[in-house]
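Subject: Handover of a structure

Dear colleague,

Please find the structure below, together with its sequence. My findings follow after it.

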Amino acid sequence: MTGHHILIVEDETDIAEILRDYLVKEGYRVSILENGQEVIPFVRNQSPALILLDIMLPGMDGKTLLKGIRTFSDVPVIMITARVEEIDRIIGFELGADDYVCKPFSPREVVVRVAAVLRRAVGTGRENRLSFGSVALDRDSRQVTVKGHQVNLTVSEFDILACMLASPGTVFTRARLIETVQGYSFDGYERTIDFHIKNLRKKIAHHLPGRTFIKSDYGVGYKLVE
Ligand code: CA
């Protein structure tokens, strides 16, 4: 995973520099931007492999930026927030963040997450077309169609769907999904799966109105149904 270009958007210089030092030590190329206004032109021109995006920024806040970025790019984004209460909104409001970290964080943990998100984004190289009912997924092109309509998913949504499509009808616990999808598990992150599932359902239902495709198995987890 070395050599990837990581963009850190963070106006607290100390935090940005610590993150940069850790990431550079792992072999990444790192750019830092402090002002929100600079981000979209930079992303368009430089196409970073991953963005660490602080929410509270001068110029333009992180959430507005993420919405803007998502209009033209699927680049993996890890949000940085100082407020735990914002997590629901980051993941739940279809902003399309792939993960988040809360301040204060350990730079080591951030490096682990960057590597995990990049690993997922770059893909496993497995040759695989999966389908169930009206939903089809291609691991190579990372494309998903519902009734033939292309659906844009975040990296996390795609990986959850790929995991479930590999074994339709099986009940997947949150713990299993988060492990499959992230390759690691930290306490308290299982509910992010619920938000990703909620978003996935919404996107699939857009082309399958009134139908249940991802069913909650109450108290256990989720499974696909036709
Ligand atoms: Ca800030």
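Is the crossing of helix 6 and helix 7 left-handed or right-handed? The crossing is right-handed; a crossing is called left-handed if the near helix is turned anticlockwise from the far one by less than a right angle, and right-handed if clockwise. Before the details, please note that this is a predicted model, in which local features need pLDDT of at least 70 and side-chain atom pairs count only at pLDDT 80 or more, while totals for chains, interfaces and linings use all residues. Residues are numbered from 1 along each chain as its sequence is written, and side-chain values use heavy atoms, with hydrogens and water left out.

The two helices

Helix 6 covers residues 155-165 and helix 7 covers residues 174-182. Helices (H or I, at least four residues) and strands (E, at least two) are DSSP runs, numbered from the N terminus. The axes of helix 6 and helix 7 lie 9 Å apart, and the helices pack at an angle of about 115°. Axes are lines fitted to C-alpha atoms, for helices over the stretch in contact, and angles run from 0 to 180 degrees between N-to-C directions. On the side of helix 6, Ser156, Asp159, Ile160, Cys163 and Met164 meet Leu177, Thr180 and Val181 of helix 7, where contact means heavy atoms within 4.5 Å.

Five strands with parallel pairing form an open sheet in the order 2-1-3-4-5; two strands pair if DSSP finds at least two bridges between them. Strand 2 (29-33) and strand 5 (99-102) are at the edges with a single partner strand each, so one side of each has no neighbour in the sheet. On average, neighbouring strands of this sheet are turned by 20° against each other, direction ignored. Helix 1 (residues 13-25) packs on the sheet and touches strand 1 (5-9), strand 2, strand 3 and strand 4. The direction of helix 1 makes about 170° with that of strand 2. Strand 3 (residues 50-54) and strand 4 (residues 77-81) run parallel and are joined by four bridges, and Ile51 stands opposite Val77 in strand 4.

The calcium ion

Asp11 (OD), Asp54 (OD) and Met56 (O) coordinate the calcium ion at 2.1 to 2.3 Å. Donors are N, O and S atoms within 2.8 Å of the metal (3.2 Å for Na, K and Ca); water is not among the atoms, so sites may look incomplete. Asp11 lies in the loop between strand 1 and helix 1, and Asp54 in strand 3, 43 residues apart, so that the pair links distant parts of the chain. Asp54 is buried, with a relative accessible area of 3%, whereas Asp11 is partly exposed at 29%. Buried means under 20% relative accessible area, exposed over 50%, and partly exposed in between (1.4 Å probe, protein chains only).

Helix 2

Val39, Ile40, Phe42 and Val43 are buried in helix 2 (residues 39-46). Seen down the helix axis, these buried residues fall within an arc of 160°, so they line one face; the arc is that of the directions from the helix axis to the C-beta atoms. Arg44 and Asn45 are exposed on the other side. The cover over the buried residues includes strand 1, strand 2, strand 3 and helix 3 (62-70).

The hairpin

Strand 11 (residues 214-217) runs antiparallel to strand 12, with four bridges between them. Lys215 stands opposite Lys223 in strand 12. Three residues separate these strands in a hairpin, and Gly219 in the turn has a positive phi of about 80°.

Yours sincerely
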